[in-house]
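Me: Can you walk me through this one? I'd like to start with the ligand and then look at the pockets.

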Amino acid sequence: MCGIFAYTGSKNAGEVLLDGLTSLEYRGYDSAGVFTPESGVVKAKGAVNNLKRKIPSGYYGTSGIAHLRWATHGEPTEENAHPHCDCSGDVWVVHNGIIENFKELKDALMKKGHSFQSATDTEVISHLVEEHLKSETNFEKAAIKAINELRGAYGMVLQYKKDPSRIIGARLGAPVVIGLGEGEGFVASDASPILRHTRTVVFLNDGEIASITPHSHEIFTRDSKKVDRTPEEIEWDEAIAQRDGYEHFMMKEIMEAPEVVRNTLRGRLIVEEGRAKLGGLEQVADELQAVKRLIIVGCGTAYYAGLTGEYMLEEHAGIPVEVELGSEFRYRSPILDEKTAVLAVTQSGETADTLEAVREGKRKGAITLGIVNTVGSTIARETDAGVYNHAGPEIGVASTKALVSQLTAFALLTMFLGRQRSMTATEGKEIAEALQALPEKIEKILEQKDAIEKLAKKYAKCRDFMYLGRKYNYAVAFEGALKLKEISYVHAEGCGAGEMKHGPLAMIDENFPSIAIAPSDSVYDKMISNIQVVRARKGPIIAVATEGNEGIKEYADDVMYIPDTIEMLTPILSVIPLQLFAYYFAKEKGLNVDRPRNLAKSVTVE
Ligand code: F6R
């Protein structure tokens, strides 16, 4: 999830663009870059301030493009920072997204003599436009032809030195907003950098391309048909625009879950063969085939993702798995060897306890792997190989979309390791198809958010909650409880439903509700027995159940429904209503959901 911003008009483009990047900074901070046809390109590693320090005095222009990078392909170096150009230095591009077919496009372009300066997928776009400009002198038309060759996801802006006042924006799966001012135009990944100049905007739809000059704008479909769209007036302020109109980043990030699953899966499923293609693991594929034991390490939410991953991997990939808290693993003299893989799960890639667990694994000769969201982070660099989640930056302190992407990555890893072992193509195909269907199913859950808000309000006075789950939803119970306690400061406990009778049941009374995660799976009947035991002690029950299960209402006071899916993927659906419940519960209490007290987003201390 990078930030893109472009300007054409009569003001000093350098200043407008740098100013705009500052309000987009939450979208990425790996590197920043700016280009104007008059003064050229300047790039810097790190945040916008580093770029500002590098801008020479007298840097100017009346149009230009700018970018903040959240790395997906290629390390977060200055070389890989956008904007990127073609061989001639005339065609420039900034891009947010992933070009799935970049490898084949790059190979074909190299055969035609193009030379590349970066390791990014983005750079192919400028070279493709250059290629089309050989037979099509009109920049707009050449750009549309190039865009038509791309597969994947993009929000992008193109600029051509020989048509300098025109900026071309395009959208497919990554947001793009056009701003229309008096004698000036803008393109950005959200409205926040535009609002200080104009409130008149056009939101591009997927597959649309916009050609903008200071006094005109036209929108086309990918097959060059003109689109007639009335501009809208935005009432939001800049901070709300950063959150796409949501009150909190946490809510925005929960709502991003369908897109996040698409991004984690993008280009990685070979459905017909029932296989997962994980480029980051290819180089260690032989070692992984020989691995006899996998130890997953993580902290907090990432640890719970690992616990769910364990169930997926043992049942479907047939590999023995242990899951450990980073903070315990490193101090307890684990026995490791070269037939063991230590897999770190981490959103930030910087969590000190997880990092030290990786180092302990290395010291003892294990292969080290990562499921990491932040490209180029310490853990991504120090592990031997890994899978990036592609969830985009997570700003809310409570992890939501990162967990969804971690679980999706575990499903992919299960297919990858499973097909190396006993998993049949038929089984692989069943998982692949179920994964592909997840985004729409999550969308259906998100549609129930108003009902979940009402539920959270109904229980807002309660001071204690129990979360119950079994098998695949065992760890979801702990995650649901963690979400509630960290943003609401009420007592919430996760418990394996079968464990209640061994102690926790003593706490239950009519003021102590239990949230029972009870999809229609292989342990459903056991869950119902556990629920009845709680009900017998007058404990209120809120159930998470599979759509169509009306019978659950006999045992539960309230129900949140999730669509049906294969058992191993139920956690990816069941965790969403729990995230929404925690969010609305904390909001009802008037708490700062995005910045819970005492907590930090990245825990780089032990
Ligand atoms: C909870 C939460 C934390 C993190 C944990 C690990 O909502 O966000 O429990 O999951 O601190 O962080 P990463 O994934 O960055 O290693």
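What follows is a short chat about the ligand and the pockets.

Reply: Go ahead, and keep in mind that this is a predicted model.

Me: Which residues come nearest to the ligand?

Reply: There are 14 residues around the ligand, and Thr 346, Gln 347, Ser 348, Thr 351 and Glu 486 come nearest.

Me: How far is the polar side-chain atom of Glu 486 from an oxygen atom of the ligand?

Reply: That distance is 2.5 Å. The backbone takes part too: a polar backbone atom of Gln 347 is 2.6 Å from a ligand oxygen, and one of Val 397 is 3.3 Å from a ligand oxygen.

Me: And how much of the ligand does the protein bury?

Reply: The protein buries 89% of the 410 Å² that the ligand exposes when taken alone.

Me: What is the shell made of, by residue type?

Reply: Five residues are nonpolar, seven are polar and two are charged. Helix H11 (300-317) and helix H18 (474-488) each supply at least two residues of that shell.

Me: New topic. What volume does the largest pocket have?

Reply: About 1,000 Å³. Its lining has 35 residues, with His 73, Arg 268, Gly 279, Gly 280 and His 390 nearest the centre.

Me: And the second largest pocket, what is its volume?

Reply: About 860 Å³. Of its 37 lining residues, Gly 173, Pro 175, Asp 244, Glu 256 and Glu 259 are closest to the centre.

Me: Which element gives the most to that lining?

Reply: H8 does, with five residues. By type, the lining of the second largest pocket has 19 nonpolar, eight polar and ten charged residues.

Notes: Residues are numbered from 1 along each chain as its sequence is written. This is a predicted model: local features need pLDDT of at least 70, side-chain atom pairs count only at pLDDT 80 or more; totals for chains, interfaces and linings use all residues. Side-chain values use heavy atoms; hydrogens and water are left out. A residue is near a molecule or strand if one of its heavy atoms lies within 4 Å of it. A polar contact is a pair of N or O atoms within 3.5 Å; within protein, one must be able to donate a hydrogen and the other to accept it, and residues adjacent in sequence count only if both atoms are side-chain atoms. Accessible areas come from the Shrake-Rupley method with a 1.4 Å probe; for residues, only the protein chains shown count as cover. Helices (H or I, at least four residues) and strands (E, at least two) are DSSP runs, numbered from the N terminus. Ala, Val, Leu, Ile, Met, Phe, Trp, Tyr, Cys and Pro count as nonpolar, Asp, Glu, Lys and Arg as charged, and the others, Gly among them, as polar. On a 1 Å grid over the protein atoms alone, a cavity is a set of points where a 1.4 Å probe fits but cannot get out, and a pocket is an open set with protein on both sides within 12 Å along at least five of seven lines; lining residues have an atom within 4 Å of a point. Grid points are joined across faces, edges and corners, and a volume is the space filled by probe spheres set on the points.
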